[in-house]
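Me: I'd like to go through the labels used for this model and ask what stands behind each of them. Could you set the values against the cut-offs for me?

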Amino acid sequence: MSSGIGAIIGAYLWGWLADRIGRRIVFIGTVLNFSIATGLLYFTPDNGWVYLAILRFFVGVGVGGLYCVDLPLVQEFMPSHKRGWVGGLVTCVIPLGVGLGAVLGAIMGTDQWRLLFAIGVLPAVLVLLVRLWVPESPRWLCRQGRYDEARKSLAWALQVQPSELPLPSAADAGPIVKTSWFDLFKYPRSLIVSWLGNAGAQTGVYGITLWAPALFVLLLRVTPQEAAKMMILLSVTGFLGRISFSWFSELLGRRVAGGLLGLGAGALTIIAGYHYDVTLFGMSAFWLLLAAAFFFADGGFAIVGPYAAEVWPSHLRTTGMGSAYGFGGIGKIIGPVGLALIVGSNNYLKPDVPLTQIPTAFVYLGCWFLMAGAVYLFFGLETRGKSIEQIDKELNATADVAASATIRRA
């Protein structure tokens, strides 16, 4: 919970900073943030849960910030027809990192847990690579009026000499705009889509991730170790889902792919809850249905993250994405708490669900997915195939119309 709260704050703070001072420097800052905080956990004293919780909070701050700057940095180097595909693939690496952590945890003995924190410092090496190799986003540089640097950055991406490219101008990049957090409210449709889409997806997926291992132990009479192994299938289907949804985003468009995520995950989650005690082909139908649901639930994050950046104008891209991820992070709290209130449990952190209440609990989680799907389908802005400049123009035109209407009413 400490890390989750830190991620909410980090997403808002680092996201805003990335629009103010640049993508590259914030990327470096977030990596150093969570790497150093993780390394300091090596010194956790015995029974030092307060020390652990404080440093995990700072780990969350860095991780939440990284998520909100790495995708926009990649997107702003990508051509329009590959932006959804490549942005989705970036999210596919996250489950691999989680899996690597699990493997390291399985290899090391229970008395070597401090070494896991020491290994967590290694991502700081990435900072050297970024500092030496990766330039600042050319689009961000253009918006700051730094046109020569923008040309050099674009030349790096295209692997040509800067002299071979024309020098950008204010006519190409648009006016220099200072970022204000309150400008987010000038784009209500972007706010609804990114905030509610993140809230629905995060509440549902973290609810399943939290509950599935405990319910496998309870329902299938397996050991916690066996339940952990059963989670591997969910991880595999989630990873396959991320690759698939990266492709779906270009094939079907962002709105339809987002709707497919919500409707598929929501329906399968609800069906799983009503079949918690059913056997299919000699295996638990509950387990198989949750694995199928995870194809949509976890796989859909190849849409949720990249799309939350695309629906904001360039000068608010990381601020908007950070606000969406931070708002959605509340789902990590309201998921278990809401579940506890529904089933009448007094334990709000890890509510004990009676077997008869499992269908109700999974209807609750499934409805969050369904809400996200409906938001993407009916309120989503289609960004497939559109350049960032075209998206900016459409968003700003909408904001100008809304502002004019407000002035007329006043």
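Me: How many aromatic pairs does the structure hold?

Reply: The structure holds 20 aromatic pairs. A pair here means rings of Phe, Tyr or Trp (its six-membered ring) with centres within 6.5 Å; planes under 30 degrees apart are stacked, over 60 edge-to-face, and the rest tilted. This is a predicted model, where local features need pLDDT of at least 70 and side-chain atom pairs count only at pLDDT 80 or more, while totals for chains, interfaces and linings use all residues. Residues are numbered from 1 along each chain as its sequence is written, and side-chain values use heavy atoms, with hydrogens and water left out.

Me: Why is the pair of F57 and F58 called edge-to-face?

Reply: Their ring centres are 5.3 Å apart and the planes stand at 85°, so the pair is edge-to-face.

Me: What makes W181 and F185 an edge-to-face pair?

Reply: For W181 and F185 the values are 5.7 Å centre to centre and 65° between the planes, and the pair is edge-to-face.

Me: Which residues do ring pairs link into a cluster?

Reply: That cluster consists of F245, W247, F248, F295 and F296.

Me: Are F57 and F58 buried or exposed, or in between?

Reply: In between. Buried means under 20% relative accessible area, exposed over 50%, and partly exposed in between (1.4 Å probe, protein chains only). F57 has 24% relative accessibility, so it counts as partly exposed. F58, at 40%, is therefore partly exposed as well. W181 is partly exposed because its relative accessible area is 25%, and F185 is partly exposed because its value is 45%.

Me: Why is G300 called buried?

Reply: G300 has a relative accessible area of 0%, so it is buried. This glycine sits in the loop between α13 (285–297) and α14. Leaving aside residues up to four places away in sequence, G300 touches F245, L261 and F295; contact means heavy atoms within 4.5 Å.

Me: What makes Q159 and R221 exposed?

Reply: Q159 has 74% relative accessibility, so it counts as exposed. R221 is exposed because its relative accessible area is 67%. Q159 lies in the loop between α8 (147–158) and α9 (170–173), and R221 in the loop between α10 and α11 (224–251). Q159 has a positive phi of about 60° although it is not a glycine. R221, also a residue other than glycine, has a positive phi near 55°.

Me: How do you know that α1 and α15 are roughly antiparallel?

Reply: Two packed helices are described by the angle between their axes and the distance between the axes. The axes of α1 and helix α15 (residues 317–329) cross at roughly 175° and come within 7 Å. Axes are lines fitted to C-alpha atoms, for helices over the stretch in contact, and angles run from 0 to 180 degrees between N-to-C directions. Under 35 degrees counts as roughly parallel, over 145 as roughly antiparallel, 65 to 115 as roughly perpendicular, and the rest as oblique. α1 and α15 are therefore roughly antiparallel to each other. The helices themselves are DSSP runs (H or I, at least four residues), numbered from the N terminus.

Me: Where is Y12, and which residues does it touch?

Reply: Y12 is found in helix α1 (residues 2–21). Not counting residues up to four places away in sequence, Y12 touches W181, G322, S323, G326 and F327. Y12 has 23% relative accessibility, so it counts as partly exposed.

Me: Why is α10 called roughly antiparallel to α17?

Reply: Helix α10 (residues 188–220) and helix α17 (residues 358–379) pack at about 155°, with their axes 8 Å apart. The two are therefore roughly antiparallel to each other.

Me: What about α10 and α14?

Reply: α10 and helix α14 (residues 301–310) pack at an angle of about 150°, with axes 10 Å apart. That makes α10 roughly antiparallel to α14. In this contact, V193, S194, N198, A201, Q202 and V205 in α10 meet F301, V304, Y307 and A308 in α14.
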